[in-house]
Amino acid sequence: MSEITSITTPIRLDYTYTAGHATQRFLLGMAEGRILGQRCPECAKVYVPPRGACPKCGVPTTDEVEVTGKGTVTTFCIVRIPSDVLSVPPPFTCAHVLLDGADLPFFALIQECEFDKVRMGMRVEAVWAPKAELAATFESIRYFRPIAEPDAPYESYKEHL
Amino acid sequence: MAETTSTRLTAAHVLEYPYRRSVGPVLGAFFTGLTERRLVGVRARDGRVLVPPVEYDPESGEAIGEMVEVGPGGVVTTWAWVEKPRPKHPLDRPFAWALVRLDGAGSAMLHAVDAGSAAGMRTGMRVRPRWKAEPEGNIHDIVCFEPEARGTDPETP
Ligand SMILES: [Zn+2]
């Protein structure tokens, strides 16, 4: 055998992820085609997806809030490197989408739009999986697509960048 | 609508980094040796042979690279018994993790020893490598160490 110049040293950690109460509510909502968040009883911020507590106030977020799939692109990036995880061929655009009524941007894929036409303030909506394929996963929302609405003014989302 | 307490969503989550690292000339010699079922170490400035080899002298920090063949037999200097092997352990039955000082070496190397039971383990016992059928140039070319035939221990009559 020839000279050994390199070795593989794989590192692999097998976790079992448990959603917990708040994320579980959100995921079960996904299975019904609904987007559920939680509102902080002190500062009134709405977290989607909810994590069960307000990171600012440190109190449990007990009030459930449903928001629609409409929102505004706050920031985005164009992905030009292929990934085993995403089936979409590059280039494509990923964005932070601030859902109407929510205070936490949602990381999402933007489709049905040229990758280089995505912009800050662009109005988008969620495109859901067919009803039979809805499940307790983020993937129930396949992607977001542009809607025929004027861009949101910068002031409306500047607090969420 | 109401949250069912019986539901507890869980999912498998795998974090994996499939690293490949270059080994350089010194460790490269060790791994290349494994493909030929040879064990090699490096001579330190004080004359000791270190196995697995290192690129720099542990005392002076000088670059070293004089390769010396050792083993294949050796002596267990310390060990810990594993009663319930985990999925990625080298053996699927109870075994010992042991430090093995190969013949001619001045340092000990960590590897598994297949001794059947903890009663078969002893500090000072002699062991020899069990080789994989087709070595590939990594530490798993040594499947494990196994006790040498009875009576070969220097401390047994
Ligand atoms: Zn708050």
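Predicted model: local features only at pLDDT ≥ 70, side-chain atom pairs only at ≥ 80, totals over all residues.
The size of an interface is often given as the accessible area lost when the parts come together. For chain B and chain A, the buried area is about 2,600 Å², with 54% of it on carbon and sulfur atoms. Chain B contributes 29 residues to the contact, and chain A contributes 26 residues. Twelve residue pairs are in polar contact across the interface of chain B and chain A, with both residues at pLDDT 80 or more. On the side of chain B that touches chain A, at least two residues each come from strand 1 (10–17), strand 2 (20–22) and helix 1 (24–35) of chain B. Strand 1 of chain B supplies eight residues, the largest share of that side. By residue class, the side of chain B that touches chain A comprises twelve nonpolar, ten polar and seven charged residues.

Strand pairing also connects the two chains. Strand 1 of chain B and strand 2 (residues 11–18) of chain A run antiparallel and are joined by eight bridges. Within this pairing, Glu16(B) in strand 1 of chain B stands opposite Arg12(A). Two salt bridges are found across the interface of chain B and chain A. In a salt bridge between Lys88(B) and Asp14(A), the side chains meet at 3.6 Å, N to O. Side chains of opposite charge can pair when their charged atoms come close.

Chain B also contains an open sheet of three strands, with the order 4-3-5 and antiparallel pairing. Strand 4 (49–50) and strand 5 (67–70) of chain B are the edge strands, and each pairs on one side only. Two bridges link strand 4 of chain B to strand 3 (residues 39–43) of chain B in the antiparallel sense. Arg43(B) has Val49(B), in strand 4 of chain B, as its bridge partner. Helix 1 of chain B lies across strand 3 and strand 5 of chain B, and runs at about 155 degrees to strand 3 of chain B. Helix 1 of chain B is also among the elements that supply residues to the side touching chain A.

Over all chains, the structure holds 27 salt bridges. One of the salt bridges joins the side chains of Arg25(A) and Glu64(A), at 2.9 Å, N to O. Arg25(A) belongs to helix 1 (residues 20–30) of chain A and Glu64(A) to strand 5 (residues 63–67) of chain A, so this pair ties together parts that are 39 residues apart in sequence.

Technical notes. Residues numbered from 1 in each chain as written. Chains lettered and ligands numbered in written order. Heavy atoms only, no water. Contact = heavy atoms within 4.5 Å. Buried area = accessible area lost by both parts, 1.4 Å probe. Salt bridge = Lys/Arg side-chain N within 4 Å of Asp/Glu carboxyl O. Polar contact = N/O pair within 3.5 Å; in protein donor to acceptor, adjacent residues only side chain to side chain. Helix = DSSP H or I, 4+ residues; strand = E, 2+ residues; numbered from the N terminus. Nonpolar A, V, L, I, M, F, W, Y, C, P; charged D, E, K, R; others polar. Pairing = 2+ DSSP bridges. Axes fitted to C-alpha atoms, helices over the stretch in contact; angles between N-to-C directions.
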